[in-house]
Amino acid sequence: MSVICEKVPQSEVVKKVAYGDVTEFILVNRSERPKDIPVAQKWSMEPCFSRIKHERCAQRIVDFVVRPDDVWLVGFPKSGTTWTQELTWLICNDLDYEGAAKVVQNITLSILENRPSPRLIKSHLPCHILPTQLWTVQPKIVYVARNFKDVVISGYHHCVNIQGFEESFDDFIDVVLDKKHVYALYHALVSDFFNMKTEENILFLMYEDMKKDVMSVLRKTSMFFKKNYSNEQLEGLAKHLSFENISKNPSVNMEQLLIDYEKLRNTKRKNESFRFIRRGESGAYLDEMPKEVIEKLDRLTENEMERLGCDPEVRKIFYFNKDL
């Protein structure tokens with residue numbers, strides 16, 4: 001099934017998204033909804049906003065050969081996917097902490113294609129742009145969701161310190177409101193996976209649950225992968241995954257990758273103390289976002305829920321509940 005890539009016309013908002021030599025963008029979609037994949041009926045099929053260089057590999061991604069023993073980790077950027085990747089890899093690999101420290105977090109498609117099994121593959125792509133075989137071979141998939149406004153505030157700091165975003169916070173919010181996100185539209189991606197969460201091969205996790213009661217999440221994830229660990233082993237894993245420890249973990253924080261980015265782009269992080277794992281809190285937006293921005297983002301969420309016909313239950317994910 002073919003992939004369609006349409007160039008995004010230049011506009012004032014699109015200019016704000018640009019960083020470094022990334023100045024052109026495309027909308028990626030499938031030519032039609034897959035007819036032989038039952039879960040595809042639950043997909044929103046929203047065009048995916050991406051860098052123009054994605055045009056060279058979009059079809060290759062859709063045609064990617066999936067293996068039955070793969071483990072796929074999916075989530076919108078800044079939803080806790082890196083934290084969840086460490087959790088998932090350790091549970092699947094018998095709590096091999098030394099091995100986890102050697103895992104390369106960010107790798108190319110070519111390396112993935114040739115990596116021996118079993119593979120743990122992380123993606124921020126929407127359902128319909130992921131490999132077709134992901135839905136026919138049906139390996140295990142872990143999806144992690146986080147409330148919208150925390151994703152936005154974390155995304156802003158990421159763009160400023162890693163991508164070299166030079167515009168103001170208000171400009172970044174304009175980008176969000178115009179839905180010019182690289183890879184996917186937040187509400188559509190979360191809603192699509194929420195609609196599939198009862199599939200036997202999908203484990204749907206929430207960042208807020210991981211923060212509130214990580215032991216319950218560890219037990220749930222272990223059961224999903226048919227792993228049997230003692231309470232003592234899971235307590236050790238919980239300690240390893242605590243913000244105090246994970247924020248200092250050079251592998252998880254991709255320190256070498258950040259250094260390489262700085263050399264490649266001849267730039268420095270705006271905040272020298274910035275780390276990939278930044279605050280690790282639920283509701284961090286409450287002390288970083290002005291009230292009027294919160295109201296704008298809430299209106300966007302309500303509009304998207306109506307437009308996409310979202311299950312009312314998904315509202316609990318889109319919004320942060322201080323009681324969680």
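**Close-up of Pro118 in its loop.** Pro118 is found in the loop that runs between helix α5 (109–114) and strand β5 (120–123), as drawn here from a predicted model. The peptide bond leading from Ser117 to Pro118 is cis, and its omega is near -5 degrees.

Although Leu95 is not a glycine, its phi is positive, at about 55 degrees. This residue sits in the loop between α3 (81–92) and α4 (97–100). Leu95 has a relative accessible area of 13%, and because buried means under 20% relative accessible area, Leu95 counts as buried.

With a relative accessible area of 45%, Gln138 is partly exposed, whereas Leu95 is buried.

**Close-up of the open sheet formed by β1, β2 and β3.** The three strands follow the order β1-β2-β3, and their pairing is antiparallel. Strands β1 (3–7) and β3 (48–51) stand at the edges and have a single partner strand each, so that one side of each remains without a neighbour in the sheet. From one strand to the next, the twist averages 35 degrees.

**Close-up of the pairing between β1 and β2.** Strand β2, made up of residues 25–30, pairs with β1 in the antiparallel sense over five bridges. For Glu6, the bridge partner in β2 is Leu27.

Technical notes:
Residues numbered from 1 in each chain as written. Predicted model: local features only at pLDDT ≥ 70, side-chain atom pairs only at ≥ 80, totals over all residues. Heavy atoms only, no water. Pairing = 2+ DSSP bridges. Helix = DSSP H or I, 4+ residues; strand = E, 2+ residues; numbered from the N terminus. Axes fitted to C-alpha atoms, helices over the stretch in contact; angles between N-to-C directions. Buried < 20%, exposed > 50% of the residue type's maximum accessible area, 1.4 Å probe, protein only.
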